[in-house]
Amino acid sequence: MSTAFGDIDGGQPTSGVFAAVDIGASSGRVMLGRVCPATGATLETVHRFPNGVVELDGGLRWDFDALFAEVLAGLRTAATVAAENGERIQSIGIDTWAVDYGLVDASGKLIAPPYSYRDERSRSAVPRVHALIPPEQLYATTGLQFLQFNTIYQLATEQDLDGVQALLIPDLIAFMLTGQRRTEATNASTTGLFDAVTGEWAVDFLDALGLPRDIFPPLIQPGESYGPLWPDIASQLGLPSGTPVVAVGSHDTASAVAAVPVEQEEFAYISSGTLVPGGPGTEAPRALRRKPGRELHQRTRSRRHHQIPAQRGRALATERVPAHLGIGRVPAGADRTAGRGCRPASWRTADQCRRPRFHRTGQHARTHPLSRAAQR
């Protein structure tokens, strides 16, 4: 099986049935993946569910309890469907959106619902972080372009981190399933605290910001196992207790780019979701060709991809498309303010451009059970 990162097992993919948990910022799904050397890979979606931020304690957070309940429901359905077909699920993989995390104490308790990257709290931390670590040094080490919601700025707003660890969302789900704390490497690369050259945590940055060196669990690579399911979790799901949860490219874009079915070394891609990543693969971070704020570079295994907010996708994409493709440049009147993410004025009114769309929680936030509980 040829992918963007080469053949799997020398061109002979592993046979079996696998459960995949794939969660984005607005929805999630659980799928069964069937792999056969003779016929290739097929996917069957067995469970879908909505996802979204809720307003709680003056901030925008993820209702992790509801999210985890949907994961369990989806895996339970996957186990049932597999059993009905005489199949056995060999392992479970999890990917989600990047940068967000939950704080877990020494006993394994989630201290509070995780903040969403859509919350504004990290904006105030940006000047303080850049005063301690220049942006040029951040990029040279991490290969990650500036966005105010990168994990490094979120952690800089936390008041007391003694005795707790930050688990990125897919790692938090894996922890709840297995009891094992790890940080998968592709998602670690979105934190702003991961050295893209050495493949280890940038401890100098942690020290400069006064963050504990063990704020994140040890790294795990795609293909390595977090560990087997908790016996009681396995029983709830109808799966053998030894069923492993295996790390994938747990940043959803990492898995998407890794699976691009290309035959040549050089390729480009576009992946459309809440954010719209697109660009070529490169072996290492490249010097910035634009002013800070124009592009976001993230490490995907040994490759790179460029990511831009969905609201800016068309504007930036048309600037980069070669003229011979016949796509015009950005219309006059487009808002160029870094980070605001407004579409050209011809597409959205001035009032609409005052605030990025992803800050609007809408009726979901007003009617969500967690939000209603907070109001009571």
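Does D22 count as buried or exposed, and at what relative accessibility? D22 counts as buried, at 17% relative accessibility (buried means under 20% relative accessible area, exposed over 50%, partly exposed in between; 1.4 Å probe, protein chains only).

This is a predicted model: local features need pLDDT of at least 70, side-chain atom pairs count only at pLDDT 80 or more, and totals for chains, interfaces and linings use all residues. Residues are numbered from 1 along each chain as its sequence is written, and side-chain values use heavy atoms, without hydrogens and water.

**View 1. D22 and its surroundings.** D22 lies in strand β3 (strands are DSSP E runs of at least two residues, helices H or I runs of at least four, numbered from the N terminus). Beyond four places in sequence, D22 is in contact with residues including D95 and D252 (heavy atoms within 4.5 Å).

**View 2. The largest nonpolar core.** This core has 49 residues (buried Ala, Val, Leu, Ile, Met, Phe, Trp, Tyr and Cys joined through side-chain atoms within 4.5 Å). L75, I92, I173, L177 and L229 touch the most other members. α1 gives the largest share, 10 residues.

**View 3. α1 against α5.** F64, F68, V71, L72 and L75 in α1 meet L172, I173, M176 and L177 in α5. The contact residues divide into nine nonpolar, no polar and no charged (Ala, Val, Leu, Ile, Met, Phe, Trp, Tyr, Cys and Pro count as nonpolar, Asp, Glu, Lys and Arg as charged, the others, Gly among them, as polar).
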